[in-house]
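Please consider the salt bridges of the model shown below. The paragraphs that follow take selected pairs in turn.

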Amino acid sequence: MCLSILLNTKNVGYDFKNIENKWQAHWAKNQTFNVDNHSTKPKFYVLDMFPYPSGAGLHVGHPLGYIASDIYSRYKRHKGFNVLHPQGYDSFGLPAEQYAIQTGQHPAKTTQENINRYREQLDQMGFSFDWSREVRTSEPDFYKWTQWIFLLLFDHYYCNTSNKAQPITQLIERFQEEGNKNIEAVCDVATPHFTSEEWKEFSANEQQELLLNYRLAYLSDTEVNWCADLGTVLANDEIINGVSERGGYPVTKKKMKQWSMRIGAYAERLLQGLEQIDWSESLKEMQRNWIGKSIGAKVFFQIEGHNKKIEVFTTRPDTIFGVTFMTLAPELDLVQEITRPDQKAAVEAYIKETQKRTQRERMADVKSCTGVFTGSYVLHPFTQERIPIWIGDYVLADYGTGAVMAVPCGDQRDYDFAKHFDIPIKNIFNNVSIEEEAFTDKGTAIIDHSEFLSGLSYKEAMKRSISELEAQGSGEGTINYRLRDAIFSRQRYWGEPIPVYYKDNLPQPLELKNLPLTLPEVEKYLPTPEGAPPLGNAETWAWDTQKEQVVDNTLIDNKIIFPLELNTMPGWAGSSWYFYRYMDAQNSDSFVGKEAVEYWKEVDLYLGGSEHATGHLLYSRFWQKFLYDLGLLPVEEYAKKLINQGMILGTSAFVYRKPGTQTYLSKDIISDSEKLEPIRVDVNLVNSADELDIEGVRKWQPQFKNADFKINNGVYRVGREVEKMSKSKYNVVNPDEICEQYGADTLRMYEMFLGPIEQAKPWNTAGISGVHNFLKKYWRLFYDDELLIVTDDQPNKKELKILHETIKKITFDIEHFSFNTCVSGLMICVNELTALNCHSKAILSPLTLLLSPFAPHLASEIWKNLGNESTIDHVDFPLVNEAYLVEDIKNYPVSFNGKMRFTLELSLDLDNLAIQEAVLKDTRTTEYLEGMTPKKWIIVPNKIINIVF
């Protein structure tokens with residue numbers, strides 16, 4: 001029976017606009033995707049890296065990961081899971097502050113406007129987010145807990161004995177009992193040893209200064225990139241060729257008091273934890289390389305004529321007899337102490353030049369050989385030979401100890417340095433020439449000319465050299481990590497205030513009851529005239545320790561009322577724990593309630609870009625392990641599985657200008673010999689045939705107003721190039737326009753159809769019509785013009801086979817995150833059902849469930865129109881019935897004397913005699929036999945039929 005008779009349902013074509021508006025309103029009104037922290041269903045937590053709400057809004061590249069996570073979330077709901085799929089905003093950020101500097105508008109206002117725009121765009125794409133759990137890192141009720149975690153870090157140290165964070169109060173107790181000589185704890189290298197008696201004699205301030213050497217959040221003098229003209233510290237990526245990216249002002253190295261996080265304490269656990277999580281191997285390798293574990297030895301070199309020693313870390317203590325010079329990082333304080341008077345001018349000039357280069361530039365420059373001799377020497381720990389001390393900018397102060405024992409025969413950079421400055425090179429390898437280059441193959445090295453190490457292999461010499469160093473107190477075996485402690489201070493306004501005040505220039509923490517410490521109002525968002533951070537412009541930014549509140553700065557007396565910290569936290573602070581706030585977003589008593597965190601435990605699936613590998617994804621693992629140490633979280637890793645979605649690339653458009661003119665040549669009339677200047681134009685002014693809207697370009701930018709466009713056959717064709725989608729490249733495609741023209745379901749399916757989720761792929765708007773046509777074709781399985789044509793007819797075997805093959809494929813591919821092949825599988829299924837003229841409800845209802853995660857608006861509409869009382873969102877996903885996949889018919893190739901002549905469909909139930917009868921009845925058999933009688937039949941069931949005659 002045709003269901004249209006029963007339902008009396010009419011619809012005029014695939015009206016995606018009304019359908020999508022209808023279901024988006026329904027989901028919002030009914031809070032369809034809000035979940036509870038109590039359920040008998042198994043839990044599943046799907047998380048996207050939350051966005052920074054920029055003023056430009058979303059382009060089509062941004063939703064890629066959100067679409068993938070939404071497909072999986074909807075699928076898991078269909079599979080009976082209680083799915084948490086939240087969303088929020090990483091809403092502290094530099095762009096809003098820069099806009100505030102330019103306009104005077106408070107960053108909070110700009111941020112709110114941008115969030116409104118993002119929410120509008122996200123809603124129109126049909127994402128199944130639980131918006132009741134929305135978080136914003138810039139909201140005080142969120143950053144109250146970011147500040148609290150900072151205070152916990154401040155109040156803890158890392159104990160190497162227990163291999164975890166411990167309260168600083170326990171460390172103080174041990175200092176009082178035994179001093180610090182035998183305490184196994186992570187601390188600054190320069191921390192002095194003291195006895196319990198000495199500790200007790202220290203003043204309270206001296207004790208606090210010593211404790212800063214141990215705290216996991218600590219204040220210290222740190223070398224930074226200082227731009228005096230901007231009055232702020234700059235990150236390495238904000239500096240180009242020694243000047244600021246903004247304004248082109250000079251940048252120098254400067255030591256400043258900065259907050260840092262002792263992430264290095266967790267280096268080994270961060271490495272080991274990678275083995276416990278299902279993240280891509282490429283991302284794990286990025287973190288391994290960033291952490292940079294090296295096994296080697298500390299070696300102490302006595303400075304000639306001084307009572308100090310220089311400590312170096314080397315991975316090749318076996319080559320210690322090949323040392324011919326030592327190189328120090330120019331920025332080390334020790335350099336000034338040891339430089340001889342006759343070398344002072346040269347050393348200071350070199351240091352000044354070095355300060356103009358960032359660490360990144362120094363590390364990347366592997367060709368230059370620059371350095372200066374200090375005039376001083378160290379003594380070789382075994383031979384007591386004098387070894388000259390140089391400085392060179394290829395050595396960095398914050399890697400290892402900032403000192404390198406140079407072995408030019410075994411290290412190419414040392415070799416080049418020695419050759420350049422005519423420093424002696426000792427060959428300590430047996431039967432190896434070093435006339436042209438250093439010998440770096442430690443696997444085949446046999447040590448020679450090295451006293452007790454001569455004749456030993458690399459492994460043997462490593463072990464013996466460390467043993468001898470330890471025996472005479474000149475060194476010890478050790479493990480070093482490249483991972484540096486993370487600078488936590490930012491000289492910005494729009495960030496979390498650091499909850500400390502200063503008494504006697506020492507930080508004093510606020511308490512949880514004092515939080516949140518909210519941002520004060522300021523008139524200007526620039527640094528103060530004295531160079532203090534923007535919070536220095538606040539008139540009310542002092543802490544009254546009696547009233548326990550913020551008061552006017554004029555009341556500061558440094559007895560009861562003290563100045564507050566002027567720096568704010570970095571952008572990665574809030575993102576290091578936000579995933580737990582989603583579990584219990586409205587909890588005012590805790591960052592996450594015990595019941596909620598015990599239920600959700602961790603993120604089951606996390607999606608985001610690999611560009612965060614050594615930033616957010618490392619810092620968040622550090623905070624996770626710290627909070628786990630304190631018993632506040634039930635697991636040591638917060639994300640069981642991580643998928644890095646690839647980037648959707650833009651296809652930029654170029655016009656070609658003759659140099660020094662306003663003449664632009666169409667791409668198809670340019671000769672190979674012509675040298676032209678490619679100029680980017682807005683891709684929205686180019687059609688799918690690469691034809692430029694010339695009048696539109698003239699109005700777009702003044703430089704094109706009077707341009708002479710040389711056309712061919714009436715059109716100007718642009719050139720194309722695939723590159724990162726970016727506003728600055730004018731290749732951004734707005735998803736709003738795609739949704740307006742084709743609908744959100746089409747956008748969702750097209751983005752998945754472009755290719756594997758992990759790979760980068762170019763956007764091509766011309767290809768989207770194919771996906772839209774597929775959805776219209778799907779619609780026509782249900783409708784003929786205005787009439788619903790779905791029937792109650794029982795499906796035939798072919799229809800059931802097509803359906804269950806599709807169920808099997810879609811289920812497998814979703815589970816393996818192969819969303820592009822899901823889309824192609826659905827297309828094949830619809831094409832085959834259309835060819836069979838299938839309109840059976842028994843086939844189309846489960847097919848609609850298969851489509852639901854991908855095109856939820858259309859699937860929801862169809863499901864309702866099929867007469868279902870409940871919405872589709874939580875209906876069980878169809879299960880494959882393998883019985884329908886068993887072949888019962890074989891299309892046999894029929895051969896005569898070994899030559900295949902035709903094919904014949906036969907039941908697999910037929911025996912050989914029945915097969916012969918069926919073949920002989922076919923008129924084509926008579927034609928090929930030409931009246932002759934078969935001499936022999938060769939029949940292989942389910943394979944071949946061959947007639948010999």
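With which residue does Lys808 form a salt bridge? In this predicted model, the partner of Lys808 is Glu882, and the closest N and O atoms of the two are 3.6 Å apart. Lys808 is partly exposed, with a relative accessible area of 41%, and Glu882 counts as partly exposed at 42%.

Helix α25, which spans residues 797–815, also contains both members of another pair, Lys801 and Glu805. These two residues form a salt bridge whose closest N and O atoms are 2.6 Å apart. They are separated by 4 residues, about one turn of the helix. Glu805 has a relative accessible area of 36% and is therefore partly exposed.

A further salt bridge joins the side chains of Arg136 and Glu134, with an N to O distance of 2.6 Å. Glu134, at 23%, is partly exposed.

Beyond individual pairs, salt bridges that share partners connect Arg269, Arg621, Lys625, Asp629, Glu636 and Glu637 into one network. Over the whole structure, the search finds 47 salt bridges.

How values were computed: Residues are numbered from 1 along each chain as its sequence is written. This is a predicted model: local features need pLDDT of at least 70, side-chain atom pairs count only at pLDDT 80 or more; totals for chains, interfaces and linings use all residues. Side-chain values use heavy atoms; hydrogens and water are left out. A salt bridge is a side-chain nitrogen of Lys or Arg within 4 Å of a carboxyl oxygen of Asp or Glu. Buried means under 20% relative accessible area, exposed over 50%, partly exposed in between (1.4 Å probe, protein chains only). Helices (H or I, at least four residues) and strands (E, at least two) are DSSP runs, numbered from the N terminus.
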